[in-house]
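Welcome, and thanks for taking a look at this one with me. Have the sequence and the coordinates open as you read.

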Amino acid sequence: MEGSAGSRLVRAAIGLLIGIVFLGWMLSWVIYPTEYYMEWLSKITAVVDSTYFGTQGADMLMFVFPVLFVAVSGCIYLHLTKETKLSLKKKGTKTNRRLGFWRRPWLVKGPLGIVTGTELTFFAMFAALVIWTFAMFLHGSYAKMNAASAHKHGDKLWEAKLQSAGLRLGLVGTLCFSFLFFPVTRGSSLLPLVGLTSEATVKYHIWLGHMVMAIFTAHGLSYIVYWAAKNQITEMLKWEKIGVSNVSGELALICGLAMWVTSLGPVRRKMFELFYYTHHLYFFFIFFFILHVGTSFFGLSVFGLILPGIYLFLVDRCLRFLQSKQRVRLDSARLLPCETLELNFSKAAALSYSPASVLFLNVPRVSRLQWHPFTVTSSSSLEEDKISVVIKSEGNWSRKLYQILSSTTPVDDQLDVSVEGPYGSPAYTRFFGYDKLVMVSGGSGITPFISIIRELISLSSKFETQKPLPKVQLVCSFKNSEQLSMIDLLLPLAGLTHCDISRLVPLQIDAYVTREEGPNTENYNKLQKQLQIRTLLFKHNPQHIHSPVSSVLGPNGWLWLAAIISSSFVMFLMLLGITTRYYIYPIDHDTGRFFPHLSKSLLNTLFVCVSILVTSAATFLWNKRQSAMEAKVEDPSWFIGGDRELESLPYQSLTESIRVHYGRKPDLEKIILETGEESSVGVLASGPKGMRQRVASICSSAGSTKNLHFESISFSW
């Protein structure tokens, strides 16, 4: 039913307030390199009692508070949106048409990958902000510099300019660094607030990472050349207690370079484990960076500038760590003949998630340290007590897991698995308002479409009186006929017994087997291949504690997250204020000349970590106790070789919707452009990079009709 007018009004007011605060925060970054900012800073410092917060108070008020306010308000907004039961109507089509131009791909090939008009616009705006900041800093510095002033400090003019440019590069790098962690904060309210998913924003993190390391490398090289020209290379070995520590900056740069090199595409794809383990150096990179710049640098609180992104990331990381310490209950597994498996976990009934969400898995028997993301293929509205993921044997980790489960004599009754997530966003549900959905996949790229189709099946049974759901055409490509068995995963292991899928969801599946000219044998047919799917059911062992997958903060997770962010920040401010007033101020008197910057940085870092850890742990344990009181323990028996009844009506209607094509690839241009007769068509692509680029190119070409709305789903960062 429609949300009440009062609820809509409250959400609109919160959304407006969030927009105003966000624009004010961005304005602070625009004036940051100008003299106006220093004037504002001095006025705010006069209002904020420096005996409690020192020189950090004003910068925290301008840069930290707005972001945390938006994050907390966003949590409340998302909670109200979740509580509002919206009907399934095609009311978003006109809006999608107006925004379609900006959502369509503008760039298809290139170093940035597939980029929409909106993404390219914001990227250009951010690049302009970086250039503006550097230009204004450099202009202000060079305007006051001449040969006489340089000689006064023992420098030649070019040396003074190089040193000044290197310093300003460090400040500009700090600007990029301040945004670096927002895209990888999976559980943050900021991403779903703007309709983004955690896997889609990883590319923004990659872009920012390249910018950060390029600028910081230039910053470090500038100082090395400067010291070498002045025969002061020993400056690299200095660690000042008052002021900038050169050694800590060099250590931070070394950690950053190691992460940067191993994250490059060729290295990451060929040596994933090296990339994975090296990327954990981010902790040392942050730590040494904070020690390098201290809490105040160049008259600015650099710690306050970078704190918002790191703060929200640490909250998310702490909650992920607490969730990962639990062992979840694995109920069953389906092993496909194409060396692909489906894992079905028990989940709490209160846990709901969006289609195409991502679940991170850790299996200690395979690797105690590695975590891997997989697309959730189940629907929380269709399968209230199960959550499923599909894993294709493509790497060492997945191959070893498949070998363990395919063993005819299992070692343990229950396989220990830990999870983080699921993480998702209602972004993909906007496609439910279109007249038709065309989903193009290659290989294991079919997995996100499984959850979308299951969600549509569930919605169609609940909204039979509403306007019909979109027609669905699934175009999937496989290398060989064995991989056709992945289509069988469109139906859950249990839960559909007496329904006609073709009646609920107008579904047409075109499967292309590219490397075979026809069935392997004359008697071969798809139904016989499905019989090779093996099902393993695991029994619950009372001696092992395995819990259903549940939300880390319970059904009211957004409100609890808002409470953690706000309460932990208040605790941090209290610790900072008391320590500054009664310990640092009596020594330093707010001059920054007597109290060691190293000690101040360590205290600030300690206060942030303690505040987040205490509030997150307390909230998590409270929710865990509440969930344990409501959990119901099931005890399925263990057997090997169980299969779903293939003669059921759902399976018959599924097989009737499939057309198999051998020895050729799909004519994507013909398939997509033939949908032009529909008034609005959502086109989703998931799979190899070349295939996604091809679909994006078709949707963005001049000959394409305006009713095509493209979305790329990629997990190969």
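In which helix is the place of Ser568? Ser568 sits in helix H20. Please keep in mind throughout that this is a predicted model.

## The chain as a whole

Let us step back for a moment. The chain has 717 residues, and buried residues make up 53% of them. Its secondary structure comprises 24 helices and 16 strands.

## Helix H20, inside and out

Back to Ser568, with a question: is Ser568 buried or exposed? Its relative accessibility is 0%, so Ser568 counts as buried. Setting aside neighbours within four places in sequence, Ser568 is in contact with Tyr311, Ala563, Ser611, Ile612 and Thr615.

Tyr52, Val570, Met574, Ile578 and Tyr582 make a nonpolar surface patch of about 530 Å². Helix H20, spanning residues 557-588, gives the most to this patch, with four residues. One member of the patch, Tyr582, is found in helix H20 and is exposed, with a relative accessible area of 57%.

Helix H15 covers residues 302-324, which is 23 residues, and reaches 32 Å from its first C-alpha to its last. That is close to the 33 Å expected at 1.5 Å a residue. Where does H15 bend? The bend is at Pro308 and amounts to about 45 degrees.

Of the 23 residues of H15, 20 are buried, so the helix is largely enclosed by the rest of the structure.

Side chains of opposite charge can pair when their charged atoms come close. In this model there are 13 salt bridges.

Within helix H15, Asp316 and Arg320 are four residues apart, about one turn of the helix. Their side chains meet in a salt bridge, at 3.4 Å from N to O. Asp316 is buried, with a relative accessible area of 7%, and Arg320 counts as buried too, at 8%.

Arg320 has a further partner: it forms a salt bridge with Glu420, with the closest N and O atoms 3.2 Å apart. This pair links distant parts of the chain, with Arg320 in helix H15 and Glu420 in strand E8 (residues 418-423), 100 residues apart. Both Arg320 and Glu420 are buried.

## A partly exposed pair, and a network

Another salt bridge joins Arg694 and Glu669, where the closest N and O atoms are 3.3 Å apart. Arg694 belongs to helix H24 (residues 689-700) and Glu669 to helix H23 (residues 668-673), so this pair ties together parts that are 25 residues apart in sequence. Why do both partners count as partly exposed? Arg694 has a relative accessible area of 39%, and Glu669 is at 38%, while the partly exposed class runs between the under 20% of buried residues and the over 50% of exposed ones.

Salt bridges that share partners also join Arg334, Glu342, Glu383, Arg454 and Asp488 into one network.

## Gln508 in strand E11

Gln508 lies in strand E11, residues 507-513. This residue is partly exposed, with a relative accessible area of 26%.

Leaving out neighbours within four places in sequence, the contacts of Gln508 are Val472, Gln473, Leu474, Ser657 and Arg659. The C-alpha atoms of Gln508 and Val475 are separated by 8.5 Å, and these two residues are 33 residues apart along the chain.

## Helix H6

Helix H6 takes in residues 117-142, 26 residues that should span 38 Å at 1.5 Å a residue. Its end C-alpha atoms are 37 Å apart, which agrees with that expectation.

Which residues of H6 are buried? Gly117, Glu119, Phe126, Leu129, Val130, Thr133, Phe137, Leu138 and Ser141 are buried in this helix.

Conventions. Residues numbered from 1 in each chain as written. Predicted model: local features only at pLDDT ≥ 70, side-chain atom pairs only at ≥ 80, totals over all residues. Heavy atoms only, no water. Patch = residues over 30% accessible without salt bridge, like charges linked within 9 Å, V, L, I, M, F, W, Y side chains within 5 Å. Areas by Shrake-Rupley, 256 points an atom, 1.4 Å probe, with all protein chains shown as cover. Salt bridge = Lys/Arg side-chain N within 4 Å of Asp/Glu carboxyl O. Helix = DSSP H or I, 4+ residues; strand = E, 2+ residues; numbered from the N terminus. Buried < 20%, exposed > 50% of the residue type's maximum accessible area, 1.4 Å probe, protein only. Expected span 1.5 Å × (residues − 1). Bend = angle between axes of the 7 residues up to and from the residue. Contact = heavy atoms within 4.5 Å.
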